[in-house]
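Colleague: I am new to this structure. Please take me through one part of its surface closely, and then through its charged pairs.

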Amino acid sequence: MPTLNLGRVRFNMRGPYDPNSDYLTHDVVTDDGQSYVCIADVTGTGPNDAGGATYWEGMLLRGADYNAARDQAIQAASDAGSSASAAGQSATAAATNRDDAQAARDKSQAWAESDTAPEPGSKSAKTWAEEAASYGDPNQHNVTANGSADTRTAAEWAGQTLSNQQAINSLGTASAANVGTGANDVPKTSQADARYARLLGQNDFGTMPNVGGSPIVESDSNDNGHWTRWADGTQMCRNRKAADLGTNQGGLLFLSGVEFTTPMAQPFVDANYNVLPMSAREGKSGNSYQYAVMPIPQEDSRDAMSSTFGPKFRLGSLQSWGNLNASLWYTAWGRWKN
């Protein structure tokens, strides 16, 4: 009797898809949670691989809502894993901070009250306090001065300091043997008259004390000459200005072509002060009076004076000259305060 081959007449359930297996028509596999039937013999191409539709046809497929829900579940699981990892890191950091805080607490406590050195070569506050207390009352404790045999108490040192200060305040004018009298002399002892001390900065003369019955004097110089101020308001300014007088201007009295101004080293309180000029030829040896010069004030220059500038002068001579070097000295007396 002849045999009739009908081929496969039912599905052959093969289980999960295996890329290393050979699949024949009507083999059924599962892949990614769905069922597929083989429609052409194939090896190595799965239902969800590129070109898989040539060999496989879906039998039981998920809907779009299911796929979206599954993707959300997968993402939620991933997020939960990340959160768990971050929580673990936070817990580790918290434990580290806790350990650091405990170490800082222990060190602070050691610095405050330890009986031993908190660090090599150091002492705790408790140790310092106990050591200070061991010295007793500082007013009764002998303090050695500069390592010498002097062991006066702190109270005795304070009394000596006060006595020294009182002695300084009561110093009067030093004897003539101890203080030079020349313009450039320097006091010879530490007890020299305090009036010879240089006073720096802006001084309130109205409240400054007298020394030995005489007011303290402030004196200095600048580009406009020298100045001195007394506590009673008196001020003196002086200066010297030299120039080549140039060709003289003819007349009964020969005048220089150079005009001298008289700026003050410090301002006076107003223009009501006196200016005393003096002039002389320079650069000539001997005792000649041939070119004797004299200061000649500008007309009405007294009215043009200010608190910082005195009269203007030219130098004059009864003798004509070709070229002459001369100087003008001037000293001004007035008040720097009323």
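Modeller: **A nonpolar patch and the salt bridges**

Phe11, Met13, Met59 and Leu60 make a nonpolar surface patch of about 450 Å². Patch residues have over 30% relative accessible area and no salt bridge; like charges are joined within 9 Å, and nonpolar side chains (Val, Leu, Ile, Met, Phe, Trp, Tyr) within 5 Å. Areas come from the Shrake-Rupley method with a 1.4 Å probe, and for residues only the protein chains shown count as cover.

The model is predicted: local features need pLDDT of at least 70, side-chain atom pairs count only at pLDDT 80 or more, and totals for chains, interfaces and linings use all residues. Residues are numbered from 1 along each chain as its sequence is written, and side-chain values use heavy atoms, leaving out hydrogens and water.

Leu60 lies in strand β6 (residues 56–60). Strands (E, at least two residues) and helices (H or I, at least four) are DSSP runs, numbered from the N terminus. Leu60 counts as exposed because its relative accessibility is 60%. Exposed means over 50%, buried under 20%, partly exposed in between (1.4 Å probe, protein chains only).

Now the charged pairs. A salt bridge puts a side-chain nitrogen of Lys or Arg within 4 Å of a carboxyl oxygen of Asp or Glu. The count is five. One of them joins Asp27 and Arg14 at 2.8 Å, N to O. Asp27 is in strand β3 (residues 27–31) and Arg14 in strand β1 (residues 12–16), 13 residues apart. Asp27 is buried, at 0%. Arg14 is partly exposed, at 32%.
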